[in-house]
Amino acid sequence: MTTTAPSDIRPDPPHSPDDRSLTEFGYRQELHRSLGRYASFAAGFSFISVLTTVFQFFAFGYAFGGPVFFWAWPVVLVGQLMVAACFAELAARYPISGAIYQWSSRLSNLTFGWFAGWIMVIGQIVVVAAAALALQMVLPAIWSGFQLIGTDPAPTSADGAANAAVLGVILLALTTLVNILDNRVMSVINRVGVTAEIIGAVLIVVLLLTHSERSPGITFHTEGAAQSGLLGALLVGSFTAAYVMIGFDSAGEMSEETHHPRRTAPRTILTALGAAGLLGGLIVLGGILAAPSLTDGHLGVDGLSYVLTSSLGDGVGRALLADVVVAIAVATLAIQTAACRMLFSMARDGQLPFSGRLAKVNPRTGMPSAPALVVGVLAAVLLLLNFASPEAFLAIGTTCIVMLYLAYAMVTGPLLVRRLRGGFTVEGTDEGTDETGAKLFSLGRWGVPVNALALLYGLIMTVNLAWPRAAVYDPAGGHWYFQWFTVLFLLVTVGAGAGYRAWKAQRGPAAPERSPSAAPAQVA
């Protein structure tokens with residue numbers, strides 16, 4: 001296993017009793033531990049960010065599924081909770097930044113784990129760009145002056161797509177600055193933003209449900225749906241839920257900055273997903289019930305922004321939309337932070353180009369500055385695709401979902417293999433308890449069935465999301481590359497990763513693969 005650079009280059013931060021969580025794995029404590037339980041919860045919840053993602057993709061889900069698309073929500077929630085339960089076990093045993101990369105490489109081998117981390121970090125960068133684009137769904141609805149380019153705010157129009165890119169770049173500049181400043185500043189912004197988002201989400205749910213125009217039975221209808229058939233409506237409608245309920249692993253990503261990570265991270269992974277899943281589902285239901293009309297076309301184009309301003313009035317609606325803006329900003333910040341920690345973790349092992357620079361931590365701020373700049377610049381470059389074509393908005397959003405689902409499967413897959421070979425166990429008294437002396441989170445006898453279902457669900461959803469549906473990815477027709485964008489992007493990502501590793505192997509001996517049995521928390 002590789003270690004970090006010597007202390008004369010990067011001095012140690014103040015000592016913490018939790019540092020043993022890293023020294024046991026051969027790493028030095030460089031990121032500052034300043035995150036408590038609520039901050040850890042906020043890291044996962046803000047990545048999921050129900051207000052950001054529901055407002056961004058509600059119109060899409062409704063346009064293709066009609067009211068029945070609501071029922072895809074509980075299915076996705078159950079599937080993701082099974083994945084999260086597996087991740088909670090791993091977070092307790094491997095409290096290290098770069099969670100997906102670290103977990104996958106220790107459960108299988110370094111090569112497989114490297115590709116999981118590579119796919120994950122590219123997906124995270126795409127998610128950052130997609131989250132920043134969400135401002136276009138909200139800001140022009142609050143005030144027309146936010147439409148800086150043209151007059152049509154629809155994100156699928158040429159004006160809306162270009163304006164979304166401009167707003168997104170401005171937001172990325174701000175989040176990049178915060179990710180350079182100090183992790184305490186980042187934590188405060190995250191906690192305040194998440195608190196505001198939760199309060200806003202609860203208010204939206206209450207107001208929408210108290211302004212219902214119809215009964216919940218309408219969710220069994222597909223009226224107004226573009227997709228024919230119930231199954232087709234649910235499969236495409238599941239995109240909204242699939243996009244919302246990702247990123248709960250961020251609490252694991254922040255383990256090296258969290259107090260008592262073996263105890264805290266597993267619980268916050270599950271609570272962040274559970275809270276976001278419940279609130280998001282109620283918002284979707286409330287939007288369907290409170291919409292003035294289900295067939296006038298507005299709901300499938302303008303989404304929840306249309307429902308809030310038309311059903312609750314401009315004053316209340318715009319006030320709630322302002323809260324959504326806060327949620328979008330905090331979500332973009334949290335996603336960028338997670339991508340930074342992944343780059344840092346892989347670079348610390350010498351597994352990326354310019355690893356020395358990417359792995360450097362500012363001893364004063366406790367932040368790896370170079371990864372923040374890399375993620376911010378690359379996400380901004382991706383936003384330029386919106387100037388080329390409005391269809392890029394959907395292509396970007398769906399691509400990032402597929403990337404993360406595939407990376408998750410590259411963890412649950414090896415974990416299931418390990419369980420079937422003898423069970424997922426912890427050897428030794430110290431490794432079997434968290435920092436408080438309590439037993440580590442474990443699924444126990446439910447481990448194999450839950451893990452198997454989590455993997456099956458993840459693979460099915462990956463195929464469903466990546467399937468090249470012309471009606472979804474190329475509605476205007478004549479652009480085959482948009483229809484196949486997700487598949488092509490994934491192939492390019494894997495090909496680029498394979499090319500880099502081949503080039504690195506030619507330059508010198510490859511880094512030794514990490515054996516899962518070499519870590520203190522062992523898998524039998």
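Two cavities of 30 Å³ or more are counted in this predicted model. A cavity is a set of points, on a 1 Å grid over the protein atoms alone, where a 1.4 Å probe fits but cannot get out. The largest cavity holds about 80 Å³ of space, a volume being the space filled by probe spheres set on the points, with grid points joined across faces, edges and corners. Its lining (residues with an atom within 4 Å of a point) includes Leu35, Met186, Asn190, Met254 and Thr337. Helix H2 (37-48), helix H9 (183-210) and helix H14 (314-348) each give at least two residues to this lining; helices are DSSP runs (H or I, at least four residues) numbered from the N terminus. By class, seven lining residues are nonpolar, five are polar and none is charged. Here Ala, Val, Leu, Ile, Met, Phe, Trp, Tyr, Cys and Pro count as nonpolar, Asp, Glu, Lys and Arg as charged, and the others, Gly among them, as polar.

Residues are numbered from 1 along each chain as its sequence is written. As the model is predicted, local features need pLDDT of at least 70 and side-chain atom pairs count only at pLDDT 80 or more, while totals for chains, interfaces and linings use all residues; side-chain values use heavy atoms, without hydrogens and water.

H14 also packs against helix H6 (residues 110-133), at an angle of about 160° and with the axes 9 Å apart. Axes are lines fitted to C-alpha atoms, for helices over the stretch in contact, and angles run from 0 to 180 degrees between N-to-C directions. H6 is therefore roughly antiparallel to H14, a term for angles over 145 degrees. The crossing is left-handed, that is, the near helix is turned anticlockwise from the far one by less than a right angle (clockwise for right-handed). The contact has 15 nonpolar, four polar and no charged residues.

The axes of helix H4 (residues 72-93) and helix H10 (residues 230-244) come within 8 Å and cross at roughly 50°. H4 and H10 are therefore oblique to each other, the class left after roughly parallel (under 35 degrees), roughly antiparallel (over 145) and roughly perpendicular (65 to 115). Their crossing is right-handed. In H4, Ala72, Trp73 and Val76 meet residues of H10 including Leu234, Gly237 and Val244.

Key. Contact = heavy atoms within 4.5 Å. 1 Å grid on protein atoms, 1.4 Å probe; cavity = no way out; pocket = protein on both sides within 12 Å on 5 of 7 lines; lining within 4 Å.
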